[in-house]
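User: I would like to learn how to read a few side-chain features in a structure. Please take them one at a time, with the general idea before the case.

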Amino acid sequence: MKIHVKSLLKGIGAFVLPVCVALSSCTAEPDESNRFTFTGETVNDFLLNNDSLFSDFNYILKRSGQDRILSSYGEYTCFAPKNAAIAEYIDSLWNDKESVDDYGNLLHNGMTDPSLEGLSDSLCTDIVMYHLVKATITTTEMITNASATYRTMLGRNITAGSSGSQILVNGGAPIDRTLCDNEVVNGIVHAIDKCIPRSNRLVADELRADSTHFSIFYEALIATGLHRELEVQQKQLSAAAPSPTADYYIPTECKKGFTVFAETDDVFHANGIYTFDDLVAKCKEWYRNAATPGSRTTSSGWYDYFRNNEIEVDLSDQYTKYNNVVHMFMAYHILKTSVNPHVLAYTENTYSGHGWKGEAYDYYETMLPKTLVKAWSVNMGGTNYKIYLNRYIRNNTLTDGAGSGGYESLGSDAMHEVVYEGAEVRTDSVLQPLNGYIYPIKDILLYDGKVPLGVLNERMRFDALTLLGETMDNGFRGAYISEITALNSGKSATRVRFPIDYFDNVVVFNGNNTQLDMNIPMDHVASGGNSYTLYKGDSFQGMGVFDFAIKLPPVPDGTYELRINNDCMTHGSMLQLYKGRGAKPVASSMTPLGVPLDMRIQMDNWNDPVVVAMGAVPLDDEENYPDAAADKGLESDKVMRTHGFMRGPLSICRQNRQEVITRYVSHQYRKIVDTDVYYQDDYWLRLKTVLDDGNLERKFQIDYIEFVPVGVAQNQQYLEDVY
């Protein structure tokens, strides 16, 4: 939801003075006495013309050579530190107590003197590049989209949003509200009162540095040895790069990172835990019965993977063992991917209406083997949302049809008891080490019995890109076209095309005959977006004579309907699906799932033969289909299910176009591809084209998949909701 002012100005042909939004009042007249006005300058001109404020930054900018870039065509946001901010930052670099040699002597971060002249050329470049974003960002956007992240030209993300009466960049650099939103011909300049704070520590060191808040958690991380697993920063790529293609960005490196959900000492204290030994005792209490043989209940034997494989829970002081109770506790707090606040519960293209409150959610695999944690953005009233982990509402994704919406309602409150509110995520206090994110949480996070038997006993909808953590590690997920275009040296890039060995959870069987892509949402502008009607606004797609497998998420033991969205297009393909089980897929031993799936459907054509064969009819054509309009699709949905199809969800809309909803379009459906028993283990879904017509432009697209317990999909008391 990024507003690009220059694009807006071009579109309406207007000349607008820069205005910095006042947080205290929407109607108060702004103080223009210290406000710079648009003069046709470049970013570099603006800084030089105000040298009394920015002379130190101008010196660093010239040393870095980036002054030439900021004098050229493009779109940039420059967070320009004022002189006092630079002086403070130089002092912090010179006196940095973590920049020491083996004997404890200060190394001063490579500086030769505590002055501008003492900075190295590389430090000058780092400082400048961390304060530049190759896209325009207004303060209006920062306030509106407080959880958004922005990729700096250094390649690292920053956050920007309101905090009380201030607008803070990365939680610590206040924007000068009298000197912000200065629009120039190639971007926007915001004056800031401190340099943007950043850390060069890895995850474990970041926790150690904040020991006043995380001393118990850090001690447990070291005791389990998990800190050593959090040191990875890069994945080596060896496959041949895809051929350069117009409108595609092809990455040449693959960063790796981690996400940690961490209880502060205060949270531990509130739960009777004051020392590491107290935590050990609690872990024994929490996990001793997790894999007990026999019946599976919320208090015994709920951890299916351990129980199925006869792995006994270890209660000793050998905390580095993966089955030790303390190791289990800590591993469940860690994701093997770096998820920024903007996409943790990604709201892009989330519909709000028909009783749906615009809530978003996602599921992530943790480092506790074969387990999932749910992140849920919960509407607390109005536009106030909070993210909770493992929030448990009874009968979630089911409805009794009570309420004004009937079949299109979430149902009565009585059937949706809040069993567990969830562990609230402190998105306002996120730590950002070099290789990930650390989120403080407000309650103890456990993989206890209520998770597999309650939290995850619902329709689980997994965005395909959530299964491909590298899209988040490298900042592609949550980015807009302008940001990927900037990475592509300014050449238009509406998609990213990946080397075939980019993803740990994808195995390609036929080399570069398979093209692996993701589409990127369009930038939000005031006139409304025109992007695709996709879950979270993006999707995993590709083309060619494709043949590959994607790893499915490890759901708890149960009988499930496995569904895949059928997002069709005239240049779509016809694909055969297979499934297999094991650590790595073997193409020859995978089981076919039904007949090939035809994805060649004309958009917005209810008379397409494939659409008609599904039993689908429009729901908003009261003249020709009065029954479907009257019952909101209840009976036609039943007909579609007999053919193995379902409509798209009512909760997914086109970007900024809430009248375009997947439930009401003719080319987006869900296909029930399998109903079977799944165990808490590794499964793979293989996609193979069956067309051999020489057309290498035929696409596949996986927007999302669904695992739905049959007790939800075929519930005898309630209906599965249409969201």
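Analyst: Buried means a relative accessible area under 20%, exposed means over 50%, and partly exposed lies in between (1.4 Å probe, protein chains only). By that rule C78 is buried, because its relative accessibility is 0%. C283 also counts as buried, at 0%. This is a predicted model, in which local features need pLDDT of at least 70 and side-chain atom pairs count only at pLDDT 80 or more, while totals for chains, interfaces and linings use all residues. Residues are numbered from 1 along each chain as its sequence is written, and side-chain values use heavy atoms, with hydrogens and water left out.

User: How many disulfides does the structure hold?

Analyst: A disulfide is a pair of cysteine sulfur atoms within 2.5 Å. The structure holds zero of them. For C78, the nearest cysteine sulfur belongs to C195 and is 11 Å away.

User: How do I read an aromatic pair, and how many are there in the whole structure?

Analyst: A pair of aromatic rings is described by the distance of the centres and the angle of the planes. Rings of Phe, Tyr and Trp (its six-membered ring) pair if their centres lie within 6.5 Å; planes under 30 degrees apart are stacked, over 60 edge-to-face, and the rest tilted. The search of the whole structure finds 28 aromatic pairs. One of them is W286 with F329, stacked at 5.4 Å centre to centre and 25° between the planes. W286 is in helix 10 (residues 276–287) and F329 in helix 12 (residues 325–331), 43 residues apart. Helices here are DSSP runs of H or I with at least four residues, strands are runs of E with at least two, and both are numbered from the N terminus. W286 is buried at 17% relative accessibility, and F329 is buried at 0%.

User: What sits over the ring of W376?

Analyst: A charge sits over a ring if NZ of Lys or CZ of Arg is within 6 Å of the ring centre and within 35 degrees of the ring normal. The charged end of K374 sits over the W376 ring, 3.9 Å from its centre. K671 lies over the face of F645, 4.5 Å from the ring centre.
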